[in-house]
Amino acid sequence: MKATNDSCCTVSQYLLHRLAQEGVRHLFGVPGDYVLDFLDAVIASPLKWIGNCNELNAGYAADGYARLNGFGAAAVTYGVGGLSILNAVAGAYAEHVPMIVISGAPPARRREAGAMVHHLVADYYLQLEIFRKVTVDAAILTNPDNAPELIDRVMQNCIGRKLPAYIELPADMANVQCRAPLPIVRQKQQASDIESLKECVNEATRLLDKSENPVVLAGVELLRFGLGAEALKFVEAAEIPFATMLSSKCVLPELHPQFIGIYQGGWSREAVKNQVESADCLLTLGVWMTDLDTGLFSMNLDNQRIIAAGNGQVRVKNHFYHNIQLRDFIPALARAVKPRSYLTSHPLESYYPYGTFVPEKGRNLTAPRLYECINSFLNDGMVLLAEPGDAFCAAPEFHIDEAENFIVQAYYSSIGYCTPAALGVAMARPDKRPVILTGDGAFQMTAQEISTLIRQRCPAVLIIVNNDGYLIERMLHEDGQYNDLQRWNYSLLPRAFGGDDTALGISVSTEEELARALAEAAAAKDRFVLIDAHLPNRDCSAGLSRLGAAFRQAQQKK
């Protein structure tokens, strides 16, 4: 790659230099003829190429990487590649994950001639227009004179706004010369309105100071914008108990004495629900009131007792303050609020980790006992990825104390996300071990990506909740044959994917077998381990039972 003080470099080199400057060390993707020249430049660069089994998996891997690294990237070819990765980009857009997609494209001269080239859908601008709908910024690089400015703009919007972005690189532009990179000009962070912030903090402070049993509800924006430390300083300085939600689980430490638990509306533990909903002042920080975070909107919250901060504004009761950024509001409030005695403001029910799992001899495995055992297995050196389905319904009760040690796609909820996302996690955090908790239906969506995990020697532990089909759909609706799946011999897959010496596959159906399998996984620290956990059909967590009952009840009211 050309040095930054050279007079010029190629467009590909410029793009790769900027990625490296922003902390990207790995590039995920799938080759194709329109992107091959760019990939040659990737191989010659300091970035490591991680080839995936398909483009959707590459997008999920880049998403998982970005959640821990702060920025991720994937490269694909045009049409068949670009549209295949689209679902992953849509998920990143919904969940505010900063990843950039670089798509090779037909040569500019073909576009000008209107030639009917392979991978074209209708016209040469359709893919760009589609990506504009699910990205914060999108650009096509057709002119080397302005390519550097477009690259810088798109990348800074992606990182600054915490949303995905898209760059289209025509094949005949990859090796064209452009100017060398100049020093990065960072986008100015959107500033809060000073007077509005002052008034807002004053009103919020008055409400908090006169309250007798306030609660803080910490939301997902704290996680996405790296504000967990500021929020923790606030709750400790003010001595106010706090709860989190599924999407923001462990953004604040769960072993903290002020932690109440996970709030999910009517699905919450009774003590958590009562304390949050009876608070005479509820301060929500970066909360998204999504259906799964609120127990299908089963929360019982009074707007007259709520201070809601997030998405660039603050609402105190029914009074709105616009242009207020969370990063400004939280420390300003911390300075203004009077500390209270923790003895009079604390969780109603202490939150303690479960004890060590002790298997019962000869007892067939059940869902509750499976999750108890996994909870006992997890430690601070692991990152749990909980797949949409029974896995993320059970996850709220798991005890995880570090924010980056739990990943869930709680809003977009695309099944199959976690297996390839774990590849991104492994690349972003080589010192930690990914643990994937997935259902058999979700796993069959993206199963082939375990071959990449094995090839890259990622020591992930993948636990398949094998209960014969789409369990969450069975619980939400009267069952039908559309929820059935072909049962695979999952434990044989590591060997089928070439992991004879680097991977293990284990099938379990009793508590003793599961405990031994997890002990074996713990001992095999450098190997990929797949555990096929056989459960009775329809056996599920208490969380999924609540979800199913609430969903069916809501359907009956229509």
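**Helices, sheet and cores**

Tutor: Helix α11 (residues 270–277) lies across β9, β10, β11 and β12, at about 110 degrees to β11. Contact means heavy atoms within 4.5 Å; axes are lines fitted to C-alpha atoms, for helices over the stretch in contact, with angles from 0 to 180 degrees between N-to-C directions. Helices (H or I, at least four residues) and strands (E, at least two) are DSSP runs, numbered from the N terminus. This is a predicted model, in which local features need pLDDT of at least 70 and side-chain atom pairs pLDDT 80 or more, while totals for chains, interfaces and linings use all residues. Residues are numbered from 1 along each chain as its sequence is written, and side-chain values use heavy atoms, without hydrogens and water.

Student: Which strands does helix α8 lie across?

Tutor: Helix α8 (residues 194–210) lies across β9, β12, β13, β14 and β15, running at about 140 degrees to β15.

Student: What is the strand order of the open sheet?

Tutor: Two strands pair if DSSP finds at least two bridges between them. Here the 7 strands follow the order β11-β10-β9-β12-β13-β14-β15, with mixed pairing. The edge strands, β11 (259–262) and β15 (319–322), each pair on one side only. Parallel strands β10 and β11 are joined by 3 bridges, and Thr-244 has Ile-262 as its bridge partner in β11.

Student: Which residues have the most contacts inside the largest nonpolar core?

Tutor: Such a core is a set of buried (under 20% relative accessible area, 1.4 Å probe, protein chains only) Ala, Val, Leu, Ile, Met, Phe, Trp, Tyr and Cys residues joined through side-chain atoms within 4.5 Å. In this core of 52 residues, they are Phe-28, Phe-443 and Phe-528. Helix α15 (residues 418–428) gives the most to this core, with 8 residues.

How values were computed:
Buried means under 20% relative accessible area, exposed over 50%, partly exposed in between (1.4 Å probe, protein chains only).
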